Amino acid sequence: MPIHGINHVTIIVHDMDRTVQLFVQALGAREEYRSPEREYSKYPETFLRIGDLWLVVMEDAHIQRARSYDHIALSIDLEAVPEITRRLIEAGAEVVPSRPRVGAESASVYFYDFDNHLFELHAGNIADRLRHYSAARQGV
């Protein structure tokens with residue numbers, strides 16, 4: 001198959017500086033590139049690297065985004081959940097309760113950025129979840 005992963009994720013925000021600071025301060029993102037003008041793209045943009053993720057933050061001062069459950073889930077180590085949660089709250093993100101989970105799903109932290117993008121920091125993996133779902137179907 002020619003598709004072999006996510007290349008990058010782009011979000012449009014009202015205040016690029018504020019959103020970039022959230023990701024740098026709370027999640028340890030590294031700023032790789034910043035264009036305060038529409039140099040190469042439709043909007044001013046900043047490229048962030050969070051682990052292996054290339055996150056592009058673009059600024060449109062007129063953006064208004066409704067909340068939904070559409071979200072981006074980033075992998076996190078289980079032991080980092082309390083510290084990351086604390087850092088998100090300190091950075092001004094709105095941390096919201098996780099949905100009820102079974103043990104095989106592990107832990108998640110959900111938060112909204114300042115423009116209603118929902119992010120999930122998830123400590124589980126697909127293999128564990130599928131094993132659990134398969135066992136539940138078989139009545140094990």
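Which residue forms a salt bridge with D17, and how far apart are the closest N and O atoms? That would be R34, at 2.3 Å. What you're looking at is a predicted model, where local features need pLDDT of at least 70, side-chain atom pairs count only at pLDDT 80 or more, and totals for chains, interfaces and linings use all residues. Residues are numbered from 1 along each chain as its sequence is written, and side-chain values use heavy atoms, with hydrogens and water left out.

**Salt bridges**

- Quick reminder: side chains of opposite charge can pair when their charged atoms come close.
- The rule here asks for a side-chain nitrogen of Lys or Arg within 4 Å of a carboxyl oxygen of Asp or Glu, and the count comes to eight salt bridges.
- Back to R34 and D17, whose closest N and O atoms are 2.3 Å apart. R34 sits in strand β2 (residues 30–35) and D17 in helix α1, so this pair ties together parts that are 17 residues apart in sequence. (Helices are DSSP runs of H or I with at least four residues, strands are E runs of at least two, and both are numbered from the N terminus.)
- R34 is partly exposed at 30% relative accessible area, and D17 is partly exposed at 47%. (Buried means under 20% relative accessible area, exposed over 50%, and partly exposed in between, with a 1.4 Å probe and protein chains only.)
- E32 and R49 also meet in a salt bridge, at 3.3 Å from N to O. E32 belongs to strand β2 and R49 to strand β3 (residues 45–50), so the pair ties together parts 17 residues apart in sequence.
- E94 pairs with R67, and the closest N and O atoms are 2.4 Å apart. This one links distant parts of the chain, with E94 in strand β6 (residues 94–96) and R67 in the loop between β4 (53–59) and β5 (71–75), 27 residues apart.
- Salt bridges that share partners join D17, E31 and R34 into one network.

**Helix packing**

- The axes of helix α1 (residues 16–27) and helix α2 (residues 81–90) come within 8 Å and cross at roughly 150°. (Axes are lines fitted to C-alpha atoms, for helices over the stretch in contact, with angles from 0 to 180 degrees between N-to-C directions.)
- That makes α1 roughly antiparallel to α2, a label for angles over 145 degrees.
- R86 is part of helix α2, and its C-alpha atom is 8.4 Å from that of A26, 60 residues away along the chain.
- R86 counts as partly exposed, at 37% relative accessibility.

**Surface patch**

- I126, L130 and Y133 make a nonpolar surface patch of about 320 Å². (Patch residues have over 30% relative accessible area and no salt bridge; like charges are joined within 9 Å, and nonpolar side chains, meaning Val, Leu, Ile, Met, Phe, Trp and Tyr, within 5 Å. Areas come from the Shrake-Rupley method with a 1.4 Å probe, and for residues only the protein chains shown count as cover.)
- Y133 is in helix α3 (residues 126–137) and is partly exposed at 35%.

**A backbone detail**

- Most residues other than glycine have a negative phi.
- N116 has a positive phi, near 70°. You'll find N116 in the loop between β7 (108–112) and β8 (118–122), partly exposed at 22% relative accessible area.

Terms used:
Parallel < 35°, antiparallel > 145°, perpendicular 65-115°, else oblique.
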